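Here are my notes on the model, as numbered points. Please keep the structure open while reading them.

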Amino acid sequence: MEAVKVRVQTQPGFARGLGDGLPKLVKSEGALGLYKGLVPLWGRQIPCKLRHLRCNIFLLMSLCIFYSFCFSFKYYLCSKIIVGIKYYFFAEVISQLKK
């Protein structure tokens, strides 16, 4: 879909939208032409998502440590937060693979 979007935006007159551009692109370049822009897209998206993930993990761990010192936060709640962080990481990875 990304290849069709880029082609529609950069080449005037190629197609009016996805419904018109998808058959044209597949006919002219084959099915593998749809994956042409995947590497640059992932090269842009994956570092950005990992940065966000790292910041979120740092903030959640900082909150966990802060609450454990200030409010006698129980250890098992901190471990649940850590498990939640792991699930968040896998959800981010899976969501990027589905796109």
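1. Helices (H or I, at least four residues) and strands (E, at least two) are DSSP runs, numbered from the N terminus. From the N terminus on, the order of elements in this protein is α-α-α-α. That makes four helices and zero strands.

2. A word on the basis. This is a predicted model, in which local features need pLDDT of at least 70, side-chain atom pairs count only at pLDDT 80 or more, and totals for chains, interfaces and linings use all residues. Residues are numbered from 1 along each chain as its sequence is written, and side-chain values use heavy atoms, with hydrogens and water left out.

3. The protein has 99 residues, and 15% of them count as buried. Buried means under 20% relative accessible area, exposed means over 50%, and partly exposed is in between (1.4 Å probe, protein chains only). The accessible surface is about 7800 Å², and carbon and sulfur atoms hold 70% of it. Such areas come from the Shrake-Rupley method with a 1.4 Å probe; for residues, only the protein chains shown count as cover.

4. Which residues form a nonpolar patch on the surface? They are Trp42, Ile46, Leu50, Phe89, Phe90, Val93, Ile94 and Leu97, with about 710 Å² of accessible area together. A patch of this kind joins nonpolar side chains (Val, Leu, Ile, Met, Phe, Trp, Tyr) within 5 Å, taking residues with over 30% relative accessible area and no salt bridge. Helix 3 (38-70) and helix 4 (75-98) each supply at least two of the patch residues, and the largest share, five residues, comes from helix 4. Ile94 lies in helix 4 and is partly exposed, at 45% relative accessible area.

5. The whole structure holds two salt bridges, each defined as a side-chain nitrogen of Lys or Arg within 4 Å of a carboxyl oxygen of Asp or Glu. In one of them, Glu29 pairs with Arg7, the closest N and O atoms being 2.5 Å apart. Glu29 is in helix 2 (residues 18-29) and Arg7 in helix 1 (residues 2-10), so the pair ties together parts that are 22 residues apart in sequence. Arg7 is buried, at 17% relative accessible area, whereas Glu29 is partly exposed, at 28%.

6. Lys24 and Asp20 also form a salt bridge (3.9 Å, N to O). Both lie in helix 2, four residues apart, about one turn of the helix. Lys24 is partly exposed at 35% relative accessibility, and Asp20 is partly exposed at 27%.

How values were computed: Patch = residues over 30% accessible without salt bridge, like charges linked within 9 Å, V, L, I, M, F, W, Y side chains within 5 Å.
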